[in-house]
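Here is a short tour of one protein model.

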Amino acid sequence: MKGQNAELKQRICKKARELGANLIRSCPVERWAEYPIQRPEFWPQHIWPWVKNVIVLGIPLYVPMLAAAPSMIYQELYDTSNRILDDMAYRLTNFITTELGYRALYFPRDCYYSIEVLLDRPEAAFSHVLAAHYAGMGTIGDSHNLITREFGPRLRMVSVLTDAPIAADAMLEEQLCTHCGRCLRECPMHCFTRRGEAEYVMDKTACTRYHVELKRAHHWPCGRCALVCPVGDDLVPYRGESLITQAGKCHCASCGS
């Protein structure tokens, strides 16, 4: 049975790579209960009781475009990655249900009506960050972002939920966040507060309010905490160079908005 599970996992991963996923990891839904971070109503098995496993797909946000944030350049990158993720998740769900014969659905990458509604309740119905953490794609950093070896926090994710009996990936034992404090110091709204050895306390309302302001100015999201994080192989080609000139950053922020 274990061999069959591994073979099934290989078929699903092969399909996900063909659809464009850079990172693919999976985990059983029991991990939400084994390592509880959110309340049970957010656990996938409490929404769809037949779901057994969660498959997380990740794609990168390109560093030079993120360096232009906040601007329409980063907004277009963010929106494009969202469209690609939902398309991949839809097609992978279709593959699992029609080709493999298992039940499946996908949880859209954001799944909230608008940034403004998060001022009243700053929670989406499902956390892809936690799913990716449970699936071993990365670890949760001080900034509350998922930190990965490949892209640091500069990635977007989507999740496919299924009853397919696939082999699980192990959670990462090594904490990838270096606790450098850059996200704390560089946040425009000073959203983070130290609390000993744990990840920072985050003022989600202040973060959301700033994003509402950026959206009204027609260039968002902020992305500062993701940009300044020093973790990630994606930074290697740019080490020792300026990602963008200050004049270029001002140019991108003022045009198209």
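## About the model

This is a predicted model, in which local features need pLDDT of at least 70 and side-chain atom pairs count only at pLDDT 80 or more, while totals for chains, interfaces and linings use all residues. Residues are numbered from 1 along each chain as its sequence is written, and side-chain values use heavy atoms, with hydrogens and water left out.

## The second largest pocket

The second largest pocket holds about 290 Å³ of space. Its lining has 14 residues, and A67, L227, E241, L243 and I244 lie nearest the centre. By class, 7 of the lining residues are nonpolar, 3 polar and 4 charged (Ala, Val, Leu, Ile, Met, Phe, Trp, Tyr, Cys and Pro count as nonpolar, Asp, Glu, Lys and Arg as charged, and the others, Gly among them, as polar).

A pocket here is an open set of points on a 1 Å grid over the protein atoms alone, where a 1.4 Å probe fits, with protein on both sides within 12 Å along at least five of seven lines; lining residues have an atom within 4 Å of a point. Points are joined across faces, edges and corners, and the volume is the space filled by probe spheres set on them.

## A tryptophan in a loop

W48 sits in the loop between helix 3 (44-47) and strand 2 (53-60) (helices are DSSP runs of H or I with at least four residues, strands runs of E with at least two, numbered from the N terminus). Leaving aside residues up to four places away in sequence, W48 touches L105, F107 and L161, contact meaning heavy atoms within 4.5 Å.

## A hairpin

Strand 7 (residues 192-195) and strand 8 (residues 198-202) run antiparallel, joined by 3 bridges (strands pair if DSSP finds at least two bridges between them). F192 has M202 as its bridge partner in strand 8. The two strands form a hairpin with 2 residues between them, and G196 in the turn has a positive phi of about 70°.
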